[in-house]
Amino acid sequence: MCAYVVVAEDDEKQAELARRYLEREGHSVVMAADGRAALDLVRQQPVELLVLDVMMPKVDGLDVCRILRRESDLPVLMLTARSSEDDLLLGLDLGADDYMTKPYSPRELVARVRTLLRRGQRSASADQVLRVGGLTVDPLRHEVSSDGQPVECTPGEFQLLAAMAAQPGRAFTRDQLLVYLHGIDRYITSRTVDVHMMNLRRKIEPNPRKPVRLLTVYGVGYKLIDEPYRVP
């Protein structure tokens, strides 16, 4: 999946490292050394994702994100040397789609970019109704039904269920699923995904204690399967 990516980073070494790894992945990368240049680029070019440092000259990353969210839904991956929960929540509240703290692994940066681009592709086809066995997920209407019966889901539950329904049978790690909760759940911890899965099982499983649809993949995470698993 190749994309046109803007990397807004005033640290030349960090910017060059990000550029090399993203281009190795096949993306076209354009650099911006300050917030104003980043805004100009995304307004003038068909950009598909913005990697945005918080501490930027002229216009800082938080203001860039705030301005962009009034103009577009361009995916934004925010980078920062600040690691407090308040800083994380502020970035997400302003509309960032994901958040990484420095120092970070360039390989993880590439993986996060890949995830955001895939999520954007799914959003572009959000009118497609997803069906997995007796489960139906309608992203456009934000509706779920199980064996023909409506199911009420919280926004976080819906995001996780829609992500897994788009790829039935795939085993998702907790970290991969956490990405879908950014900007939805205000306080994200390692237990957040487990709590959502427990609540979803109560709603879509015939017997939540013996799940046959939403399965645990031990040592990995969770998967939603098309054909119900038969409990021995």
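This note walks through a predicted model, point by point.

1. **Basis.** In this predicted model, local features need pLDDT of at least 70 and side-chain atom pairs count only at pLDDT 80 or more, while totals for chains, interfaces and linings use all residues. Residues are numbered from 1 along each chain as its sequence is written, and side-chain values use heavy atoms, with hydrogens and water left out.

2. **Overall make-up.** The protein chain has eight helices and 12 strands. Helices (H or I, at least four residues) and strands (E, at least two) are DSSP runs, numbered from the N terminus. Of the 232 residues in the protein chain, 45% are buried. Buried means under 20% relative accessible area, exposed over 50%, and partly exposed in between (1.4 Å probe, protein chains only). Take the contacts in the protein chain with a separation of 6 or more: residues 24 or more positions apart account for 54% of them. Contact means heavy atoms within 4.5 Å.

3. Strand 3 (residues 49-53) runs parallel to strand 4, joined by four bridges. Two strands pair if DSSP finds at least two bridges between them. Val51 has Leu77 of strand 4 as its bridge partner. From strand 3 the chain crosses through helix 3 (residues 61-71) to strand 4, and this β-α-β crossover is right-handed. That is, with the strands pointing away from the viewer, the path from the first strand over the helix to the second runs clockwise. Strand 5 is also parallel to strand 4, again with four bridges.

4. **Asp97.** This residue sits in the loop between helix 4 (85-93) and strand 5 (98-101). Asp97 is buried, with a relative accessible area of 19%. Its side chain makes a polar contact with the side chain of Arg69 (2.9 Å). A polar contact is a pair of N or O atoms within 3.5 Å; within protein, one must be able to donate a hydrogen and the other to accept it, and residues adjacent in sequence count only if both atoms are side-chain atoms. A polar atom of the Asp97 side chain also lies 2.8 Å from the backbone nitrogen of Val76.

5. Four strands form an open sheet in the order 6-7-8-9, with antiparallel pairing. Strand 6 (130-132) and strand 9 (149-151) are at the edges, each with a single partner strand, so one side of each has no neighbour in the sheet. Strand 6 pairs with strand 7 (residues 135-138) over three bridges. Arg131 has Thr136 of strand 7 as its bridge partner.

6. **Helix 6.** Nine of the 11 residues of helix 6 are buried, so this helix is largely enclosed by the rest of the structure. Among them are Phe158, Leu160, Leu161 and Met164.

7. **Helix 8.** The 13 residues of helix 8 (residues 192-204) should span 18 Å at 1.5 Å a residue, and the end C-alpha atoms are 18 Å apart, which agrees. The expected span is 1.5 Å times one less than the number of residues. Buried residues of helix 8 include Val193, Asp194, Met197, Leu200 and Arg201.
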